[in-house]
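Please walk me through this structure, starting with its helices and ending with a few single residues.

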Amino acid sequence: MNDRITQLELGWLQAKLALLAYAHIVVCCVSLYFITAVDTFPGVTGIDQTHVTAAILNVLAFSPVVILFAIVRFSFGYLVGFYFYMMILGYLWLIEFSLLDYDHRLALVSIVLSGFAFLAPALFITAPVRQAIVMPARAFHMMPSVILIASAAIVGIGALYHLKLVDLSEMYKYRAEIEFPGFLRYATSIASNALLPFAFACFVVSKRNWQAAITLVLMVLFYPIMLTKMALFAPFWLLLLALICKLAEVRLTTILSLFLPVFVGVVVVFLVKTGVIPFRPGMVYFGTVNNRMIAIPSLALEVYNNYFSAHPLTHFCQINVVKLVAACAYDEPIWAVMAKAYDLGAFNASLFATEGIASVGLVLAPLSALGCGLIIALGNRLSAGLPPRLVLLSAGVLPHVLLNVPLSTALLTNGTGLLFLLWYVTPRSAFEQTAASTTAPGGQLQGASAG
């Protein structure tokens, strides 16, 4: 009887996941319709109401893949994979409004195959690796506090080089003035994107709430030093994730983390149109969340497809180590090349655009996506056995990082590789009760509840 109840509960959870995921697809399409209908990206996409049906059909054709997120276990690859899946859906919508010249049919086939190639390892390779090195439990308990102290020191050193509190409209102007030495540039990115989220996750899971709050405050202090949107919004994002996963299972939290902000943006647009709320604050929210968080990563695929259809491929020379041993057609970072070619600012992009389209072209992009998916799967294996909530919160900032920078940059500059190492050495014995529930019969449901 208990097994039957568990299976019924598991089936109901999977149904909720599928329904919520499809609801999110609908909300994203409405959001993208608003974006394309007002010609948000002149010269790149254009207003053409006759193409709306084709855009909807593109999304519908790829939408059944979302069922995978209702049936597989949570992992680091699940978290990253869902965000990338929605990015690909966004591109399938935007391509129907494209004004840029490249082989759109080949691009559609390439991105769909790349999506499958990435998701296969990212979602399904989750088996744990044997821990050859395990951090002593006492050292692990102290480590989050050590991270706080080290991060506070990084903030202090960074403030000696640059400290300016400005609003978002002036952020880019003053950020161009920042000149950090190499070690500090790496230290600020790694601390804000990987180390502090890991410390926050440890504090939350161990119910050390005051230390968790101090971690978020310290993260905010990175903004006047770095002047990036990520530094400003990351602590609020982690707080949102922590609040949602306190009420919901971790896979539901993953989907809700995108659904709720985008849904609010769609509601805001309707309220602006009806005059309930003023235009400016409403559009600031919609532009920051729906446009920047959802549409821009998808638009990057459009821009990169256009540029590299007529220019030499990078053959991975955007990775500095490769540039040292191989000839490169570009003397500047790819984002700087894009900034000069298109009036869209410093246009970084995800692994699908950089390690895929820019490096190897559309035909070989699925193979590149497969290789990147295997790297994400390594993160799954190194974090296996940890509480799902710890993995979710410690990696909570990384989906946004990965949507906007190459995987190589995320691994090194933004600390993803270091986070993989921390997951690997973390003693599973520190979470014995949670780990036991994850591997219990019906563990997909029970383990998720524990997260």
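Helices (H or I, at least four residues) and strands (E, at least two) are DSSP runs, numbered from the N terminus. The expected span of a helix is 1.5 Å times one less than its number of residues. This is a predicted model, in which local features need pLDDT of at least 70 and side-chain atom pairs count only at pLDDT 80 or more, while totals for chains, interfaces and linings use all residues. Residues are numbered from 1 along each chain as its sequence is written, and side-chain values use heavy atoms, with hydrogens and water left out.

The chain contains 22 helices and 0 strands. Its radius of gyration (taken over C-alpha atoms) is 22 Å, close to the 22 Å that the globule rule (2.2 Å times the number of residues to the power 0.38) gives for 451 residues, so the chain is as compact as a globular protein of that length. The C-alpha trace spans about 60 × 55 × 55 Å along its principal axes.

Helix 16 covers residues 352–383. If straight, a helix of 32 residues would span 46 Å at 1.5 Å a residue, but helix 16 spans only 24 Å between its end C-alpha atoms. Helix 16 also has a kink of about 135 degrees, centred on Val 360; the bend at a residue is the angle between axes fitted to the seven residues ending there and the seven starting there. After helix 16 comes Gly 385, with a positive phi near 95 degrees.

Of the 451 residues in the chain, 56% count as buried, where buried means under 20% relative accessible area, exposed over 50% and partly exposed in between (1.4 Å probe, protein chains only). A contact means heavy atoms within 4.5 Å. Among contacts between residues at least 6 apart in sequence, 79% join residues at least 24 apart.

Helix 12 runs over residues 250–273 and includes Val 262. Is Val 262 buried or exposed? Val 262 counts as buried because its relative accessibility is 0%. Leaving out residues up to four places away in sequence, Val 262 touches His 24, Val 27, Cys 28, Ser 31, Val 289, Asn 290, Met 293 and Ile 294. Thr 228 is 34 residues from Val 262 in sequence, and their C-alpha atoms are 21 Å apart.

Thr 253 also lies in helix 12. With a relative accessible area of 0%, Thr 253 is buried. Its contacts, again not counting residues up to four places away in sequence, are Leu 241, Ile 244, Cys 245, Ala 248 and Leu 392.
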